[in-house]
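Please read it beside the sequence and the model.

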Amino acid sequence: LKGIDAAVELLLEAVASRQQVVIHGDYDVDGITATALLADFIAKLDLVAICHLPNRMKEGYGVSLTSVDGLAQRVRMPALFITVDCGITASKEIRYARELGFKVIVTDHHQPPQNIPQADAIINPKQEGFDFPFKGLSGVGVVFFLAMAVRRKMVENGFWDRQNVPNLKNYLDLVALGTVEIGRAHV
């Protein structure tokens, strides 16, 4: 996936420097399962993630300036801000997060606008100029690919060996739930 190498490097940097990680999800099943998967995986990297799922009635869909502000107040900078199932249309909010000191990874599966956010890394199977074989990935599917890439790099770097490497099959229930939810939404 385009952008995945840059995202892996940002996560490795967070592990090495013990940065705090913020995960900004979405309030639907895909966003919740993507948030849960990534938070659990990040815990296996010996980091703690602060998770935020917007209140549908108060904050609406996706990343907001208010949520970025609130999350910035809960961490010490520099910190890593990761969106899951949202963020591809949040140019102003991503710019603001970076101004506050966050490094930003956007993971999303929605159609990118013409002008994508200026994040440090963007992972989206629908990005222009890139031939991922399946454009219909769910948000949790994109996060699963990120976890696979980080896992592979952590094994290569000796952080995990064959005895203590996380079994990513344990996340397939979450991937299935999020994938079925987006499939239902498009029927």
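**Sheet and helices of a predicted model**

Five strands make up an open sheet, ordered β2-β1-β3-β4-β5, with parallel pairing. The edges are held by β2 (49–52) and β5 (121–123), each with a single partner strand, so one side of each has no neighbour in the sheet. On average, neighbouring strands of this sheet are turned by 20° against each other, direction ignored.

**Basis**

- This is a predicted model, in which local features need pLDDT of at least 70 and side-chain atom pairs count only at pLDDT 80 or more, while totals for chains, interfaces and linings use all residues.
- Residues are numbered from 1 along each chain as its sequence is written, and side-chain values use heavy atoms, with hydrogens and water left out.
- Helices (H or I, at least four residues) and strands (E, at least two) are DSSP runs, numbered from the N terminus.
- Axes are lines fitted to C-alpha atoms, for helices over the stretch in contact, and angles run from 0 to 180 degrees between N-to-C directions.

**Strand pairing**

- Two strands pair if DSSP finds at least two bridges between them.
- Strand β1 (residues 20–24) runs parallel to β2 and is joined to it by four bridges; V21 has A49 of β2 as its bridge partner.
- β3 and β4 also run parallel, joined by six bridges, and F81 is partnered by V104 in β4.
- Five of the six residues of β4 are buried (under 20% relative accessible area, with exposed over 50% and partly exposed in between; 1.4 Å probe, protein chains only), so β4 is largely enclosed by the rest of the structure.

**Helix α2**

- Helix α2 (residues 29–44) lies across β1, β2 and β3, at about 145° to β3.
- Buried residues in α2 include T33, L37, L38, F41 and I42.
- D46, which follows α2, has a positive phi near 65°.

**Helices α1 and α5**

- Helix α1 (residues 4–17) lies across β3 (79–84), β4 (102–107) and β5, and runs at about 140° to β4.
- α1 packs against helix α5 (residues 139–156) at an angle of about 60°, with the axes 10 Å apart.
- The contact (heavy atoms within 4.5 Å) involves residues including I4, V8 and L11 of α1 and F145, L146 and V150 of α5.
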